[in-house]
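Hi there,

Here is the structure I promised to pass on. Have a look at it first, and my notes on what turned up follow below.

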Amino acid sequence: MGGRSLTALPIAGSIIMTNLSTEQIVGQNGQSYHAGMEVMAWEVTAAIAIVALAVIFLPKYFKYGINTVSDFIEIRYDTVTKRIISILFIVTYMISFLPVVLYSGSLVFNKIFHIDELLGIRPIVAIILVALIIGVIGILYLLIGGLSLSANSDTVYGVGLLICGLLIPILGVMKLGDGNFIGGVDYIVDHTPWLLNSVGAIDSAIVPWPTLITGMLFNNLYFWCTNQMIVQKALSGKNLAEAQKGTFIVGLFKVFGALFLVFPGIVARNIFGDALMSNPDNAYPYLVTEVLPQALFGVFAAVIFGAILSSFAGALNATATLFSLDFYKPVINKQADDKQIARAGKIVTIIVGVISVVVAPFISFAPAGLYQFVQEFNGLYNMPLLVIILFAFYSKKATAIAAKSTIAIHIVLYALSKVFLKDIHFLYVLSLLFFLDILIMLAISKWKPDGNFVLESFDTKVDIKPWRYTKVVSVVLVVIVILTYVAFSPIGLASLQ
């Protein structure tokens, strides 16, 4: 938990870099190369959920003095429900996040910097080598300095990524304008105005516009407000105010992050035309090679390496924390002191890290649809987790049996949707399942009542006084999100094709 000593900037840096991965940078720019600014929904609308994290979720988490999200589940429901959630988190990180971050990050790193050509080796060998180096350094990070060291180094990476990330589209736009930035913007508006439209069609394969206020919103609330990998960084704050300030910085970053996670794809489309349509994921690497001065390649390589490393270390740390506090202490060694718990966490860090490094190269043999599967994997449990936490906050009558039943029924229904509704966008499916999960919680809690439950404050460990500007900054962030959508719409810079 970083000794519960982190201030706003390290918290923000750690959350940003844990969230940010090379797969995201390359993948979203690849999508925008093809579909335009509607891809920015994954970034910009996240700020709404981050406001909810700062205003609603963090004050409650801090009030009850929890270490993990599953701790809160145990306080409100029971130990079995807590361990089900912990297992789902751990399995997700081990199967659908850690190996993919290593593999996809190494693949992109090699694609941009041609490690295979420099060393005269096959691409798969270069990928294995980069994955091994990242894995070893990530493990050492957590063994030597834990979350505190990782969070502070992430702040450095975050600044570097912001500078280098913004530099790529700026240089690309200037290239389009023959050295003039404004001229480059005019070129994009004149030649590809439809790509500047952030409102996706109702049947869009990327982000259909109705899901912005349904499935996308619910998915964002899960990821930013209940996902252990993210929430743990905020819970490591020295007090609630610092945690809230840190999350607001993240919210601002997510809005403007679209400028280097989405907009470069549109710049690439204007530079390369339709030449990369067969493989849009090449758009960002090609753009970097085209516009970045040779003198900055080393700096950019370090920043990209740091982005991969941070995502890997962040998920690895969350996995070790969940195992240590939810299984080792209460099940394996009930008499364990803090040193023994920390030692168990380090052992798990090494074991899971080594497994991830070993598994990562084998992802190259997986089917082509793997990344889409990984992107949707969290759908197995994200909606019921969000629902049971909301019920924990606002319902005295929600029961443990209802929580467990909701999780089980959701998993079955979501799995069936992959077979019978595979042509329907998964955000539409999540939209429906969210409301079904609510109905299931209500119905079973009423059918099998267990009295009224009242949450009480526990050892809060730190000062839980909110930041005095929380409401003002929340309103400002929401307004910025709305203005950003207006800017990238037919009302603003874009026009319909």
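This is a predicted model: local features need pLDDT of at least 70, side-chain atom pairs count only at pLDDT 80 or more; totals for chains, interfaces and linings use all residues.

Residues are numbered from 1 along each chain as its sequence is written, and side-chain values use heavy atoms, with hydrogens and water left out.

Thr321 lies in helix 15. Helices are DSSP runs of H or I with at least four residues, numbered from the N terminus. Leaving out residues up to four places away in sequence, Thr321 touches Thr68, Gln228, Gln232 and Asp326; contact means heavy atoms within 4.5 Å.

Gln228 and Gln232 are among the buried residues of helix 11, together with Met229, Ile230, Val231, Lys233, Ala234 and Leu235. Eight of the eight residues of helix 11 (residues 228-235) are buried, so this helix is largely enclosed by the rest of the structure.

Thr319 is in helix 15 too, and it counts as buried at 2% relative accessibility. Its contacts, not counting residues up to four places away in sequence, are Ile90, Tyr93, Leu98 and Val352.

**The nonpolar core**

Which residues touch the most other members of the largest nonpolar core? They are Tyr61, Tyr77, Trp224 and Phe300, in a core of 157 residues. Helix 15 (residues 297-332) gives the most to this core, with 17 residues. A nonpolar core is a set of buried Ala, Val, Leu, Ile, Met, Phe, Trp, Tyr and Cys residues joined through side-chain atoms within 4.5 Å.

If you zoom in on Tyr61 and set aside its neighbours within four places in sequence, you will find it in contact with Ile66, Phe72, Cys225, Thr226, Val231, Leu235, Ile389 and Phe393.

**Helix 10 and its partners**

Helix 4 (residues 46-63) and helix 10 (residues 215-225) pack at an angle of about 45°, with their axes 9 Å apart. That makes helix 4 oblique to helix 10. Axes are lines fitted to C-alpha atoms, for helices over the stretch in contact, and angles run from 0 to 180 degrees between N-to-C directions. Angles under 35 degrees count as roughly parallel, over 145 as roughly antiparallel, 65 to 115 as roughly perpendicular and the rest as oblique.

On the helix 4 side, the contact is made by Ala46, Ile48, Ala49, Ile50, Ala52, Leu53, Phe57 and Tyr61, which meet Leu217, Asn220, Leu221, Trp224 and Cys225 in helix 10. The residues of this contact divide into twelve nonpolar, one polar and no charged. For these classes, Ala, Val, Leu, Ile, Met, Phe, Trp, Tyr, Cys and Pro count as nonpolar, Asp, Glu, Lys and Arg as charged, and the others, Gly among them, as polar.

Helix 10 also meets helix 20 (residues 426-447): their axes come within 8 Å and cross at roughly 75°. That makes helix 10 roughly perpendicular to helix 20. Gly215, Met216, Phe218 and Asn219 in helix 10 meet Leu427, Leu430, Ser431, Phe434 and Phe435 in helix 20. This contact has six nonpolar, three polar and no charged residues.

Tyr222 lies in helix 10 as well and is buried, at 2% relative accessibility. Beyond four places in sequence, Tyr222 touches Phe89, Asn227, Asn378, Tyr381, Asn382, Met383, Leu385 and Leu386.

Helix 12 (residues 240-261) and helix 21 (residues 470-487) pack at about 10°, with their axes 10 Å apart. The two are therefore roughly parallel to each other. By class, their contact has seven nonpolar, five polar and no charged residues.

Finally, Ala12 in helix 1 (residues 8-19) counts as buried at 1% relative accessibility. Not counting residues up to four places away in sequence, Ala12 touches Gly246, Ile249 and Val250.

Technical notes: Buried means under 20% relative accessible area, exposed over 50%, partly exposed in between (1.4 Å probe, protein chains only).
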